[in-house]
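Hi,

Here is the model I promised to pass on to you. Have a look at it first, and then read my notes below.

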Amino acid sequence: MNGKVRTRIAPSPTGFAHMGNARTALFNYLFAKKEGGDFILRVEDTDKERSKKEYEQDILDNFRWLGLEWDEGIEKGGPYAPYRQSERTELYKKYLTKLLEEGHAYWCFCTAEELEAQRAHQMSLGEAPRYKGKCRALSRQEQEKRLAAGERGVIRFVLEPKIIAFQDLIRGEIKFDTNLLGDAVIAKDLKTPLYNFTVVVDDFEMQITHVIRGEEHIANTPRQILIQQALALPGVQYAHLPLLLGEDRTKLSKRHGDNSIRKFREQGYLPEAVVNFLALLGWNPGDEREIFSIEQLIKEFSLERIQKGGAIFNLQRLDWINGLYIRQMPLEELTEICKPYLPEYPMDFEKKKEIVALYQERLKKLSEIAELADFFFRDALEYPKELLCWKEATTEQTKEMLQKIHELIGGVGESDWTKENLEKILMLEAEKMQNRGYMLWPLRVALSGKKASPGPFEIAEILDKEQTLQRIKQAITISKA
RNA sequence: GGCCCUGUCGUCUAGCCUGGUCUAGGACACAGGAUUUUCAUUCCUGGAACACGGGUUCGAAUCCCGUCGGGGCCGCCA
């Protein structure tokens with residue numbers, strides 16, 4: 001093979017970029033980088049009705065967020081704007097005209113009703129629904145005449161009946177009998193080309209060497225190869241990735257809920273974790289390692305180790321990997337990215353850092369910190385008095401315990417208010433009981449208002465003496481109510 | 001329905017090409033336990049799979065055939 005490896009991700013901006021897009025992009029990126037090649041982003045916005053700028057921006061933002069920067073695009077200074085099919089109409093027109101002139105394509109004037117009737121008829125006979133090629137019989141003069149008369153038509157590609165086989169890099173040889181296919185519409189008119197055609201033109205124009213895409217495109221491949229051959233263009237290598245599946249084992253889609261990248265990002269999943277998770281869905285290194293940075297993935301990646309069967313998108317596994325990355329992150333950095341999830345409250349960064357430290361090993365995703373740590377950002381807490389009682393302790397006993405705690409630490413000076421000190425003082429008493437929970441549980445609840453939280457001494461230190469004592473008093477009041 | 005892809009624990013997968021070392025390994029999840037005031041972390045333990053049926057072979061998860069299952073595509077969407 002001569003030349004550089006070039007791959008592309010070709011999403012259509014008809015919705016927010018989702019996890020399926022992300023994985024396909026990732027595999028294209030990894031393969032290109034592994035081979036020292038280029039990774040290209042091409043926005044397939046030929047569907048004018050459904051394509052939206054907002055969605056294109058979402059694709060750009062989120063691919064970048066994942067670290068999948070593309071290597072070229074329209075020159076506009078700074079980061080590359082992606083290629084857009086909507087801006088390449090003239091190019092497609094050139095190729096369309098060529099196909100038309102050489103008799104590889106023709107204008108079709110069949111109406112939607114006609115086609116629908118044909119389709120229904122074929123279905124009832126148990127045949128594959130396909131266009132029979134009625135308008136193919138029209139002479140060029142006839143076609144021109146009807147167009148000139150203002151009749152509306154579409155452009156169809158003449159499908160050569162033959163067996164077409166290609167080597168899929170993941171699946172081996174795949175064969176199709178194009179007799180079973182109809183003449184596909186490749187453009188609505190000269191200025192409105194359609195997917196199967198633009199893909200072929202662009203993959204050639206952009207010198208793409210490897211088309212790595214989802215398995216749902218296998219059936220499109222023979223048609224694209226035929227168009228390629230009609231245009232006398234060189235072939236490309238294909239690799240069809242296994243599908244990302246929902247819990248019901250069908251292709252991941254809206255039916256399975258919102259799987260947009262932006263949603264995972266909003267919930268506080270880290271890009272490194274998402275990349276790591278996605279890479280292991282359909283690919284593995286061949287040994288038992290499962291934590292990989294994107295750089296390591298590039299080094300290890302190979303198409304040969306890609307799975308053939310679809311993979312269910314398993315959220316629990318993503319949560320586990322995300323938690324792992326959170327735990328490994330430097331505290332300073334973690335605090336920074338947790339900030340948006342923390343409630344509004346006057347508090348300096350150092351304090352927030354101390355709080356985040358308490359949750360570093362408890363978070364699966366950043367957004368969880370909002371609810372988990374909310375009590376640090378409140379002046380008064382609300383909870384039922386029963387929550388204060390450890391095991392079978394009565395509220396009366398609990399109240400006395402809280403009073404005792406208040407006495408024990410009420411005299412500690414501001415400067416000695418550290419978790420080590422408080423622990424030393426209170427544990428001395430707590431150890432005297434048959435179970436330290438009788439002292440520690442009510443204290444912890446008094447400070448957090450929750451049945452699950454970090455330890456009481458750590459909370460007390462962050463809360464400061466005044467706030468801690470105040471919360472204990474509040475708990476005493478609550479237990480008396 | 002037609003065509004195509006696919007089939008190892010609930011899930012992601014190793015092993016399959018180059019049959020024996022596989023009483024099938026790892027991870028997530030789950031269950032139990034240790035640590036622990038709770039939650040989480042960490043550690044230990046456990047249950048859990050070669051879709052089925054033939055064949056080839058001394059021997060098959062691995063090779064061959066068939067069956068069954070799952071999925072994708074059949075748009076003037078991509």
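Domain bounds here come from an automatic or database domain assignment. On that basis chain A is divided into domain 1 (6–245) and domain 2 (379–480). The centres of the two domains, taken over C-alpha atoms, are 67 Å apart.

A word on conventions before the details. This is a predicted model, in which local features need pLDDT of at least 70 and side-chain atom pairs count only at pLDDT 80 or more, while totals for chains, interfaces and linings use all residues. Residues are numbered from 1 along each chain as its sequence is written, and chains are lettered from A and ligands numbered from 1 in the order in which they are written.

Helix packing

Helices (H or I, at least four residues) and strands (E, at least two) are DSSP runs, numbered from the N terminus. Axes are lines fitted to C-alpha atoms, for helices over the stretch in contact, and angles run from 0 to 180 degrees between N-to-C directions.

Take α15 (residues 395–410) and α18 (residues 456–480) to begin with: they pack at about 160 degrees, with axes 9 Å apart. That makes α15 roughly antiparallel to α18 (under 35 degrees counts as roughly parallel, over 145 as roughly antiparallel, 65 to 115 as roughly perpendicular and the rest as oblique). The crossing is left-handed, a term used if the near helix is turned anticlockwise from the far one by less than a right angle, with right-handed for clockwise. On the α15 side the contact includes Leu402, Ile405 and His406, and on the α18 side it includes Leu469, Ile472 and Ile476; residues are in contact if their C-beta atoms, placed from the backbone, lie within 7 Å. By class, the contact of α15 with α18 has six nonpolar, six polar and three charged residues. Here Ala, Val, Leu, Ile, Met, Phe, Trp, Tyr, Cys and Pro count as nonpolar, Asp, Glu, Lys and Arg as charged, and the others, Gly among them, as polar.

The second pair is α9 (residues 271–279) with α11 (residues 315–328), at about 135 degrees and again with axes 9 Å apart. That makes α9 oblique to α11, and their crossing is right-handed. Glu272, Ala273, Asn276 and Phe277 of α9 meet Arg317, Leu318, Ile321, Asn322 and Tyr325 of α11. This contact divides into five nonpolar, two polar and two charged residues.

Exposure and backbone

A residue is buried if 20 or more other C-beta atoms lie within 10 Å of its own, exposed if 12 or fewer, and partly exposed in between, with C-beta atoms placed from the backbone. How many of the nine residues of helix α5 (residues 140–148) are buried? The number is zero, so α5 lies largely in the open. Gly150, which follows α5, has a positive phi near 90 degrees.

Arg249 sits in the loop between β12 (244–245) and α8 (261–266) and is exposed, with 9 other C-beta atoms within 10 Å.

Lastly, Tyr359 belongs to helix α13 (residues 349–359). Tyr359 is partly exposed, with 18 other C-beta atoms within 10 Å. Neighbours within four places in sequence aside, Tyr359 contacts Ile369, Leu372 and Ala373.

Best wishes

Notes:
Two residues are in contact if their C-beta atoms, placed from the backbone, lie within 7 Å.
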